[in-house]
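Visitor: I would like to learn how to read strands, helix packing and ring pairs in a model. Where do we start?

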Amino acid sequence: MQIGVIGLGRMGGNISRRLMRAGHSPIVWDANAGTVQELGKEGAVAASGLQDVVSKLTETPRAVWVMLPHGKITEDTINTLAGMLSKGDIIIDGGNTYYKDDVRRGKALAEKGIRYIDVGTSGGVWGLERGYCLMIGGDTDAVKHLDPIFATLAPGIGSIERTPGRESRDPRAEQGYIHAGPVGAGHFVKMIHNGIEYGMMQAFAEGFDILRNRNAASLPEGERYDLNMGDIAEVWRRGSVVSSWLLDLAAQAMAKDEKLEAFSGTVEDSGEGRWTVEAAIEEAVPADVLSAALFVRFRSRQDHTFAEKVLSAMRFGFGGHVEPPKK
């Protein structure tokens with residue numbers, strides 16, 4: 001199946017590669033010409049710009065996946081594409097866009113007869129091999145048309161134990177992708193996913209910080225423990241209730257450097273945590289943990305603890321996020 005892919009960064013490039021592995025034909029473009037050429041050598045159709053991407057799409061309806069940072073660059077790209085595409089064509093935004101922007105865009109594009117799909121995409125730099133968990137919002141017919149693309153990108157059922165009682169439910173969820181609802185629903189679900197991610201990461205970070213500081217001189221001598229962070233992370237991975245991919249990433253980082261000296265402890269937030277808290281306020285839903293986790297990221301930019309280094313290590317592990325260099 002043909003699909004245009006705009007933006008070949010940490011995720012866009014590997015999305016294209018995963019599609020190629022399954023026999024799809026991505027037509028790719030990025031502002032970095034070298035990245036376009038590299039993917040072209042791997043089998044993708046290299047384009048010289050947005051108009052060239054659209055021109056090379058011969059299958060109808062034409063579909064273009066935009067994988068760019070949220071904000072002006074995505075807004076401008078979608079507006080430009082809207083002037084090149086025709087009635088019935090599809091624009092997919094797979095980045096971390098604010099769901100209210102999706103709703104606005106979807107209405108504007110619908111007036112031109114262009115269908116808009118928002119895809120919350122989770123998987124980070126590991127998506128090529130592991131697959132991408134997809135949360136999709138948009139028109140049912142458009143989503144159905146693109147099902148071969150979504151099914152390819154999703155991880156599949158793999159070795160995860162099946163959930164009892166799901167036999168009569170939508171099988172796509174077990175495969176790692178869902179049609180969450182109309183335009184905006186996909187990014188809304190992904191936004192809450194990322195808010196939860198903040199809270200989970202913060203819990204691990206604080207726990208390891210407490211463990212690490214158990215050897216403090218201020219504590220009674222008989223109650224001090226010189227604990228090995230890497231070993232604790234590793235043993236927790238093996239059958240404990242808190243085992244998870246985030247813990248896997250923390251264990252990998254600590255196996256290389258138990259003190260995480262390479263990480264500054266400055267932890268950025270990419271927007272979804274803020275938007276999750278805003279949604280909680282709109283709905284009058286208490287979100288104590290998620291709010292606290294967001295504000296810790298703000299504080300991390302002022303002074304740093306071992307907890308923030310753990311957060312940095314996990315973020316780098318799943319998303320390739322590089323924090324400012326250690327001073």
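Guide: Two strands pair if DSSP finds at least two bridges between them. This is a predicted model. Here strand β6 (residues 115–122) and β7 run antiparallel, joined by five bridges. One of the partners: T121 is bridged to L134 in β7.

Visitor: Which strand runs parallel to β7?

Guide: Strand β8 (residues 177–181), through four bridges. There, M135 has I178 as its bridge partner. Four of the five residues of β7 (residues 133–137) are buried.

Visitor: How do I read helix packing?

Guide: Two packed helices are described by the angle between their axes and the distance between the axes. Take helix α12 (residues 245–256) and helix α15 (residues 306–319): the angle is about 105° and the axes are 9 Å apart. Angles of 65 to 115 degrees count as roughly perpendicular, so α12 is roughly perpendicular to α15. Residues in the contact include W245, L249 and M254 of α12 and F306, V310 and F318 of α15. By type, the contact has eleven nonpolar residues, one polar and no charged.

Visitor: How many aromatic pairs does the structure hold?

Guide: Seven. Y98 and W275 make a tilted one, with 4.9 Å between centres and 35° between planes. Y98 sits in the loop between β5 and α5, and W275 in helix α13, so the pair ties together parts 177 residues apart in sequence.

Visitor: Is Y98 buried or exposed?

Guide: Buried, at 16% relative accessible area. W275 is buried too, at 11%. Y98, Y99, F188 and W275 form one aromatic cluster.

Methods: Residues are numbered from 1 along each chain as its sequence is written. This is a predicted model: local features need pLDDT of at least 70, side-chain atom pairs count only at pLDDT 80 or more; totals for chains, interfaces and linings use all residues. Side-chain values use heavy atoms; hydrogens and water are left out. Buried means under 20% relative accessible area, exposed over 50%, partly exposed in between (1.4 Å probe, protein chains only). Helices (H or I, at least four residues) and strands (E, at least two) are DSSP runs, numbered from the N terminus. Axes are lines fitted to C-alpha atoms, for helices over the stretch in contact, and angles run from 0 to 180 degrees between N-to-C directions. Angles under 35 degrees count as roughly parallel, over 145 as roughly antiparallel, 65 to 115 as roughly perpendicular and the rest as oblique. Contact means heavy atoms within 4.5 Å. Ala, Val, Leu, Ile, Met, Phe, Trp, Tyr, Cys and Pro count as nonpolar, Asp, Glu, Lys and Arg as charged, and the others, Gly among them, as polar. Rings of Phe, Tyr and Trp (its six-membered ring) pair if their centres lie within 6.5 Å; planes under 30 degrees apart count as stacked, over 60 as edge-to-face and the rest as tilted.
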